[in-house]
Amino acid sequence: MNVYRSKRLKYVPIDDIEYEDFYLALMNEPGILNSDVSLPLGFTMAKVPGATKILATRKLLCMYICLPVPGGFGKPVPIGVVALSKPEEQHAQHGSSSLSIIIISTYQRKGYGKEAIAWALDWGFDFARLHRVEIACYSWNPGAKRLYSRIGFREEGVKREAVWFMGGWHDRHELAMLEDEWRGKWRDEAHAETWAPGSGQTYSSEQIAQNMGSA
Ligand SMILES: CC(C)(COP(=O)(O)OP(=O)(O)OC[C@H]1O[C@@H](n2cnc3c(N)ncnc32)[C@H](O)[C@@H]1OP(=O)(O)O)[C@@H](O)C(=O)NCCC(=O)NCCS
């Protein structure tokens with residue numbers, strides 16, 4: 001059992017300095033504006049160590065999404081980033097977090113986004129004891145919304161004219177997945193091949209012992 005693997009992907013912590021060049025390239029992808037709607041001020045190498053350090057400490061989870069090298073040796077190839085927000089200390093009991101994801105353009109539309117989201121949901125529910133995971137997209141990104149709906153996120157509302165972008169007002173669509181919905185139906189349909197067993201199940205101590213080789 002490897003917590004940091006899914007079917008085709010591997011996950012590496014965001015503060016791994018070997019990936020700083022990739023982080024810079026990712027921050028300069030046009031698609032970053034789909035998820036980061038702060039003022040676009042440009043991003044240079046000087047900002048990378050500070051930004052990745054903030055992500056490593058302030059997010060619950062923030063990982064590079066990577067393709068493993070065949071044979072298992074050598075540096076996995078980074079293709080994106082997936083993150084879960086950290087609930088504030090006095091709100092931790094609600095078990096709620098927001099998921100964000102970006103895949104670099106050359107690796108989009110190959111099913112990696114779906115797989116990485118499924119892995120992050122499994123991680124959130126199975127290890128961090130989350131109860132609900134939210135995800136949002138802006139109205140100029142219907143492709144992302146289609147993907148989230150297909151994974152099983154339910155639309156919960158629209159924040160009308162919530163963002164000013166490229167000279168106009170745009171809506172923010174908010175969706176969420178509950179733990180039981182994921183375990184009961186969608187986890188199985190995602191075929192992400194993480195550590196998690198099939199629909200609706202969790203492991204007994206004995207099964208974990210088998211998986212971990214500690215029986
Ligand atoms: C959204 C994103 C994470 C999806 O990752 P991905 O690896 O491309 O997605 P998958 O290959 O798993 O799934 C593809 C599906 O996603 C949807 N989709 C994703 N990007 C799309 C796009 N640019 N145009 C149309 N549909 C898109 C489609 O439904 C597509 O299914 P289809 O090919 O059968 O039509 C990725 O495209 C991305 O990083 N985009 C730029 C940043 C971004 O928008 N992040 C999300 C912010 S809310």
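This is a predicted model: local features need pLDDT of at least 70, side-chain atom pairs count only at pLDDT 80 or more; totals for chains, interfaces and linings use all residues.
According to the UniProt record, an unreviewed entry, the annotation "domain: N-acetyltransferase" covers residues 12-176.

**Around the ligand**

- The ligand has 19 residues around it, and those that come nearest are Gly31, Asn34, Gln108, Gly113 and Gly143.
- Two or more residues of this shell come from each of strand S4 (96-103), helix H3 (112-126) and helix H4 (142-151), and H4 gives the most, with four residues.
- By residue class, the shell around the ligand divides into eight polar, seven nonpolar and four charged residues.

**The nonpolar core**

- The largest nonpolar core holds 45 residues, of which Ile65, Val81, Ala116 and Ala120 touch the most other members.
- Helix H3 gives the most to this core, with nine residues, and H3 is also among the elements that give two or more residues to the shell around the ligand.
- When its neighbours within four places in sequence are left aside, alanine 120 is in contact with Leu61, Val82, Leu84 and Leu99.

**Strands S4 and S5**

- Strands S4 and S5 pair in the parallel sense over three bridges, and one of the residues involved is serine 98, whose bridge partner in S5 is glutamate 134.
- Strand S5 is largely enclosed by the rest of the structure, because five of its seven residues are buried.

**Strands S6 and S7**

- Strand S6 (residues 154-165) is hardly covered, since the count of buried residues among its 12 residues is zero.
- Strand S6 pairs with strand S7 (residues 168-178) in the antiparallel sense over eight bridges, and in this pairing glycine 157 stands opposite glutamate 174 of S7.
- Glutamate 161, which is found in S6, counts as exposed because 12 other C-beta atoms lie within 10 Å, and a residue is exposed if that count is 12 or fewer.
- Although glutamate 161 and aspartate 171 are 10 residues apart in sequence, their C-alpha atoms are 4.6 Å apart in space.
- Leaving aside neighbours within four places in sequence, the contacts of glutamate 161 are with Trp169, His170 and Asp171.

- Arginine 109 counts as exposed because 10 C-beta neighbours lie inside 10 Å.
- Arginine 129, which is not a glycine either, has a positive phi of about 55° and lies in the loop between H3 and strand S5 (132-138).
- Arginine 129 likewise counts as exposed, because 10 C-beta neighbours lie inside 10 Å.
- Methionine 166 takes a positive phi near 50° in the hairpin of S6 and S7, a hairpin with two residues between the strands.

Terms used:
Residues are numbered from 1 along each chain as its sequence is written. A residue is near a molecule or strand if its C-beta atom, placed from the backbone, lies within 6 Å of it. Ala, Val, Leu, Ile, Met, Phe, Trp, Tyr, Cys and Pro count as nonpolar, Asp, Glu, Lys and Arg as charged, and the others, Gly among them, as polar. A nonpolar core is a set of buried Ala, Val, Leu, Ile, Met, Phe, Trp, Tyr and Cys residues joined through C-beta atoms within 7 Å. A residue is buried if 20 or more other C-beta atoms lie within 10 Å of its own, exposed if 12 or fewer, and partly exposed in between; C-beta atoms are placed from the backbone. Two residues are in contact if their C-beta atoms, placed from the backbone, lie within 7 Å. UniProt positions are given in the numbering used here, feature names are shortened, and annotations may be inferred rather than shown by experiment. Two strands pair if DSSP finds at least two bridges between them.
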